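Trainee: Could we go through this model together? I would like to begin with the backbone and then turn to the charged side chains.

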Amino acid sequence: KKIKYMKAKLANSNGQLNDLEKVVLNLTKQAEDREVKILGMKSELSDLGVAFDELYAAYEANIEVISEKNETIEKQEDMLNTAYYVYGSKKELKKNNVTTNDGGFIGIGASKKLKADFNKDYFTKIDITEIKEIPLGVKKAKLITTHPAGSYELIGEDNIEKIKISNPTEFWSVSKYLVIQTK
């Protein structure tokens, strides 16, 4: 009876052992499949890393180009927005090599104008986007350089306090140099 019982138990445990072997084989297959997936993902990640490095190198090269272009644009804007002015008496302007007499006969009928090789160091540099008024504080003022009439106004009745530039773009369109003869 006991032997029969033990044989039955052994047969039952063999069935359980077979079931366990099947579970172990199934789990082993799943683990191998996951390992294959992980290796594929690692390969993709490596490829993405290489692509990222290439994109980053291109980005850095473009940053340099963009930076150089921005620098060039800033320099050009600075040049476009830079103007120069000077004011002084007829004698001062002539003495500092800014103006010359042109035309006329023995000083009669001659007109003042900016010299071709004028002294640029005598001028004051300004940014035309910021400066809209130039203080003068003189009895009389006359513009020697050419600037459109409606683009500025001399402020003051008895004394000219300042020149007010109402339209900077138009005012500086003819010349970036302003020469004012004063008394």
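This is a predicted model: local features need pLDDT of at least 70, side-chain atom pairs count only at pLDDT 80 or more; totals for chains, interfaces and linings use all residues.

Trainee: What is the phi of N97 near?

Mentor: The phi of N97 is near 60 degrees, which is a positive value in a residue other than glycine. Most residues other than glycine have a negative phi.

Trainee: Let us step back to the whole chain. How many helices and strands are there?

Mentor: There are three helices and nine strands. Along the sequence they follow the pattern α-β-α-β-β-β-β-β-β-β-α-β.

Trainee: What share of the residues counts as buried?

Mentor: The buried share is 19% of the 183 residues. The accessible surface of the chain is about 14200 Å², and carbon and sulfur atoms contribute 55% of that area.

Trainee: What about contacts with a separation of 6 or more: which percentage comes from residues 24 or more positions apart?

Mentor: Such residues account for 61% of those contacts.

Trainee: Now the charges. How many salt bridges are counted?

Mentor: The count is three. One of them joins D33 to K29, with the closest N and O atoms 3.5 Å apart. Both residues belong to helix α1 (residues 2–80) and are four residues apart, about one turn of the helix.

Trainee: Which residue does K75 pair with?

Mentor: K75 meets E71 in a salt bridge, at 4.0 Å from N to O. These two are also in helix α1, and because they are four residues apart, about one helical turn separates them. K75 counts as exposed because its relative accessibility is 53%, whereas E71 has 45% and so is partly exposed.

Trainee: And the pair formed by K162 and E133: how far is it from N to O?

Mentor: That salt bridge has an N to O distance of 3.1 Å. It links distant parts of the chain, with K162 in strand β8 (residues 160–165) and E133 in strand β5 (residues 133–138), 29 residues apart. K162 is partly exposed, since its relative accessible area is 23%.

Trainee: Which residues gather in the patch of positive charge on the surface?

Mentor: The patch consists of K90, K94, K140, K142 and K183. Among them, K94 lies in helix α2, and its relative accessible area of 46% is why K94 counts as partly exposed.

How values were computed:
Residues are numbered from 1 along each chain as its sequence is written. Side-chain values use heavy atoms; hydrogens and water are left out. Buried means under 20% relative accessible area, exposed over 50%, partly exposed in between (1.4 Å probe, protein chains only). Contact means heavy atoms within 4.5 Å. Accessible areas come from the Shrake-Rupley method with a 1.4 Å probe; for residues, only the protein chains shown count as cover. Patches are made of residues with over 30% relative accessible area and no salt bridge: like charges are joined within 9 Å, nonpolar side chains (Val, Leu, Ile, Met, Phe, Trp, Tyr) within 5 Å. A salt bridge is a side-chain nitrogen of Lys or Arg within 4 Å of a carboxyl oxygen of Asp or Glu. Lys and Arg count as positive and Asp and Glu as negative; His and the chain ends are not counted. The place of a charge is taken as NZ of Lys, CZ of Arg, CG of Asp or CD of Glu.
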